[in-house]
Amino acid sequence: MSGQTAGTISQAPGGVINRGGFARRYLQGRAAGVAALALILGFLTLYPFGMLLYGSLHSTPPGMAGEFNLNGYAEVFSGPAVIILLNTIGISLAKTIPALAMAVFLAWIIARTDTPWAGKLEVLITLPFFIPPILTAMAWAMLGNPQVGLLNTLWKWMTGSTVSPINVYSWGGVVWHMIQYSTPFLFLFIVDIFRAMDPSLEESSRMCGASRWRTFRGITLVLMMPALTNSFILSFIRGIESFESPLFFGTPAKITVITTEIYNSINHHATPDYQYATAISFSVMAMMFLLVFAQWRILRGRSFTTVTGKGYQPSVMKLGRWRWATFAFCILFFFVTVVLPVSQLFIGSFFRFFGFYQWDMLTLEHYRNVFASSEIWRAFGNTMLLGLIGASLTMALGAVVAYISIRTKWRGRRLIEALAWLPWMMPGMVLGIGFLWAFAMLPGPIPIYGTIWALLLAYVTLGTPVSVRVMSGAYAQLSFDLEECSRVHGATFFQTLWRILVALAWPSFAVGWVLTFFMIMRELSASILLYSVGSEVLSVTLMKLWANGLAEQVSVIGLMMMMLVIVFRWVQLRFLKSRISTL
């Protein structure tokens, strides 16, 4: 080195490296990237959020002249609306707590015990989440109908009783149906946390004399606190925005929650009451903000690192004879949540009418009608296209947001994290209303309104919080010394990112992709507001068939979707297993 000036380092005759200029360009590029990401998230979240605020203060639907007032909020704080809000909170809590407890127990069985055929059981346990709720709701309406339900009919035939033991049109029916797909949803978040946890922490506790239960309560659950709190909040919010369960089982029992109230105020009024619908949604979002703030306060300043640079082998608890009890519990869960409703769909697809199971009623007409329907095939193609593109874009966006939020100290990362989380503050139906306003107000050269791309943007927005939470959980468990060690040995930033972080977080990315894909496939509340002729998706088509009394054709489509679920889940697990074995 022959000489040095401010901001430069002169090398041999080859030239001069301007480190100060490189640092400035790097910081400028980083700031530009963060700003671009904030703009993208702002368009997906703040823009429809702002339009919702506009709509909650505007007295008429989009495109109609009106005035600004607070009538919507005045109606929200009336007696009936407060009762509806309390109903919603109570139902969501009633399903979230048992669903979370069951998910933790199932994840422990699969990941940390010697229960036979754990890999196959994992596939079976997750199936209920991927089945569209409209299908299981219809099936349980036939199974648990107090008058003609198949289970009640069998019970009366076997016991001679005249009393039906099951009534799905009740508070219990609403909660039960929500638990069926909430438990596997939470299981998918928690099972990999059990697998990734270093067992030496628990072994140290046992060596110090703690019992298995005290170790599980004081070590395992504490280390899982980020995953558990995230899962609880996600599940609680999903309970708030649940639509199918309250619609099918709550409406006949005169149980009204926020989503059905919004649906009724928009679809069952001569003039849709968008102002009231958006006003009640903002009240819910305020409550959600308080919940998220409480989570941040609980976890602030605490470390939950469970994956470090030290090698370890996950421990498996020997259950002895009890392993068959845990195996039976998993099979029972699968039987009740999948076999019973799918069997009802299977039987119903071959009979001319539900509930009339005579030999002369057998038919293949429903299969012929489905396979001959161009509308159904168009909806299937639209769903597959949106699922593949939407899941990939959503996970890529979530991975970038999670990296900036968890692995950096960059300025603006908290804003980006908040923007990515915002869609979970709004039920899908309300977000759909926001996008209706947003797309309708875009200038003419941007033709999004009424196209399939409106659905794509809505799906990416709705799925971003899930992708961010999945990738945040994966990144949070990786010790920073992994990156530091890679950089010390000469790897560049992008080499470290690809070979260390991406390689270790890839299983979580795969899980998140499958989750997002099937969330898109089953999404109904936003889709039913944003679709147009030619851009229908399967969930909307199923709703239309059900409304037209064609439940038998819905059964046929449901069985086709079940085959897709099985194939996608099997491929994902096979790919995931081969990927982990090469790391």
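A: Residues count as buried under 20% relative accessible area, exposed over 50%, and partly exposed in between (1.4 Å probe, protein chains only). By that scale Lys254 is exposed, with a relative accessible area of 76%, and its positive phi of about 60 degrees is found although Lys254 is not a glycine. This is a predicted model, in which local features need pLDDT of at least 70 and side-chain atom pairs count only at pLDDT 80 or more, while totals for chains, interfaces and linings use all residues. Residues are numbered from 1 along each chain as its sequence is written, and side-chain values use heavy atoms, with hydrogens and water left out.

Lys254 is found in the loop between helix 11 (244-250) and helix 12 (258-267), where helices (H or I, at least four residues) and strands (E, at least two) are DSSP runs numbered from the N terminus. Trp117 likewise has a positive phi, of about 55 degrees, without being a glycine; Trp117 is found in the loop between helix 3 (79-112) and helix 4 (118-130), and is exposed at 53% relative accessible area.

The structure holds one cavity of 30 Å³ or more, a cavity being a set of points on a 1 Å grid over the protein atoms alone where a 1.4 Å probe fits but cannot get out, with lining residues having an atom within 4 Å of a point. The volume of the largest cavity is about 370 Å³, counted as the space filled by probe spheres set on points joined across faces, edges and corners. Its lining consists of 20 residues, of which Arg238, Glu241, Arg522, Glu523 and Ser525 lie nearest the centre of the cavity. Helix 19 (452-476) and helix 21 (493-522) each supply at least two residues of this lining, and the largest share, four residues, comes from helix 21.

Helix 19 spans 452-476, and for Met471, leaving aside neighbours within four places in sequence, the residues in contact (heavy atoms within 4.5 Å) are Met395, Gly398, Ala399, Ala402, Ala505, Ser508 and Phe509. Across the whole protein, among contacts between residues at least 6 apart in sequence, 77% join residues at least 24 apart.

Technical notes
1 Å grid on protein atoms, 1.4 Å probe; cavity = no way out; pocket = protein on both sides within 12 Å on 5 of 7 lines; lining within 4 Å.
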